[in-house]
Amino acid sequence: MISVLDIFRIGIGPSSSHTVGPMRIAARFLRYLGHAGHLEATAQIMGFMQGSLAYTGPGHRTAEAICLGLLGFNPETTDPELAQAALDELEKTQALKLPNGRIIAFDPRKHLVLDFDTIPVLHPNGLRLVAMDATGHSLTDKTYYSTGGGFIASQKQLETPPNDDLVGSMKEGPMAFITAAQLLERCHAIEGDIATVMLANEDHRRTRDATLNALDAICDAMAACIERGLRQTGILPGGLNVRRRAPELYTKLTHAPSSNEREALFDWLNVYAMAVNEENAAGGKVVTAPTNGAAGIIPAILRFYLLDAQAPRETLHTYLLTAAAIGILYKQRASISGAEMGCQGEVGVACSMAAGGLAAVWGGTPVQVTNAAEIGMEHNLGLTCDPVGGLVQIPCIERNALAAVKAANAARLALQTHEPARVTLDQVIETMRQTGLDMSSKYKETSLGGLAVNVVEC
């Protein structure tokens with residue numbers, strides 16, 4: 001079963017599936033070469049970006065991410081400035097140092113290829129990596145997949161069906177679940193909330209203190225990302241000339257007299273969400289929540305309703321644990337990949353997670369929490385992923401702001417009724433999955449349709 005620390009992971013922008021995932025894949029490939037005893041003979045490494053990684057890879061800096069993985073960087077600890085310095089050095093020397101100390105020639109423009117001809121079968125985000133010896137003979141040829149939210153998998157892993165018999169077993173945790181119905185059953189059995197169920201499963205992986213300390217670190221990283229985004233100014237990279245708006249809006253909000261306008265809520269949620277996603281678009285350090293493209297929604301709710309209100313740490317933990325439980329359901333039963341589900345799998349899932357988490361800290365019952373999560377997704381169904389220029393900027397930044405407001409509203413609606421929901425969370429997750437499968441590939445992170453082709457760049 002997926003952990004809360006799998007759903008929330010610190011990484012760098014602009015994309016969890018197109019940046020963080022490929023970086024992890026490249027590092028994993030190097031480890032495989034070492035374990036297989038191929039490093040000494042490796043003279044050349046080639047990478048072939050397939051599917052969505054080919055179509056929007058340039059805008060998502062996928063090639064640079066692969067280079068960073070080969071250079072020994074990992075998303076959790078990468079300093080963006082040091083990473084850029086390493087990329088500049090690689091560009092200048094065109095030499096790659098392998099883990100065993102050997103140096104091989106490596107020119108990213110030659111050795112990393114946008115493979116538009118190969119259609120990946122198991123997932124739209126395919127990355128084939130090949131190691132060759134000095135004669136050009138292939139030492140190993142492996143294809144991996146970046147499955148959304150920074151998760152990666154080999155071909156063998158995706159071809160192996162999940163074992164539902166493990167649910168509830170000690171291997172998976174004493175209160176493991178794969179459906180929302182099972183999650184509610186676990187809560188009923190212990191007469192507790194979703195966060196308590198999550199902690200019971202996390203306790204099976206590590207000590208309670210280790211889990212809570214990690215949650216504190218995630219919370220701090222989200223808060224730090226907002227703070228950076230509220231102060232950084234200028235034009236975002238990529239060529240669209242999108243100007244950072246969060247700092248200016250934040251200045252207006254903090255210097256204006258206290259307003260009693262009901263719309264002020266929108267302004268605060270907007271500015272916090274936009275601050276995160278502008279940082280992400282600039283390649284800064286963010287928390288996948290559950291993806292980078294949707295990284296602003298959960299932190300915006302966290303900042304406005306909890307951090308600004310000086311909520312106790314236990315409340316922050318409840319929010320993150322509950323949101324993660326909902327994210328786990330989507331990851332296990334459908335997908336959180338924009339290339340597979342469209343933006344309903346990213347912004348829609350994050351909205352659902354934030355709505356459920358907020359309902360929990362507002363005192364909602366487990367049923368009300370899942371109702372809030374269902375509302376958050378129901379009104380994002382069919383949301384397309386059509387980034388202009390393949391960049392995580394238009395419409396992604398504003399889309400996070402609007403979804404943060406929608407999440408708060410979903411939590412409010414759910415708490416105002418005790419009647420059984422006509423649509424369950426399990427039903428809406430399955431509906432999202434079916435909708436994603438039916439959606440044209442033009443609207444699933446390929447930039448071949450929608451706003452991506454109808455917005456004229458000036």
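Select residues 3-156. Over this stretch the chain is 40% helix and 29% strand, where helices (H or I, at least four residues) and strands (E, at least two) are DSSP runs, numbered from the N terminus. The end C-alpha atoms are 22 Å apart. An unreviewed UniProt entry annotates residues 3-156 as "domain: Serine dehydratase beta chain"; such annotations may be inferred rather than shown by experiment.

The model is predicted: local features need pLDDT of at least 70, side-chain atom pairs count only at pLDDT 80 or more, and totals for chains, interfaces and linings use all residues. Residues are numbered from 1 along each chain as its sequence is written, and side-chain values use heavy atoms, without hydrogens and water.

Next, pick E40 and R102. Their side chains meet in a salt bridge (3.9 Å, N to O), meaning a side-chain nitrogen of Lys or Arg within 4 Å of a carboxyl oxygen of Asp or Glu. E40 lies in the loop between α2 and β2, and R102 in the loop between β3 and β4, so the pair ties together parts that are 62 residues apart in sequence. E40 is exposed at 56% relative accessibility. Here buried means under 20% relative accessible area, exposed over 50%, partly exposed in between (1.4 Å probe, protein chains only).

Move to helix α12, residues 246-255. E248 and K252 both lie there, four residues apart. They form a salt bridge, with the closest N and O atoms 3.7 Å apart.

Finish at I429 in helix α20, residues 425-438. I429 is buried, at 1% relative accessibility. Beyond its neighbours within four places in sequence, I429 contacts (heavy atoms within 4.5 Å) L329, Y330, R333 and A334.
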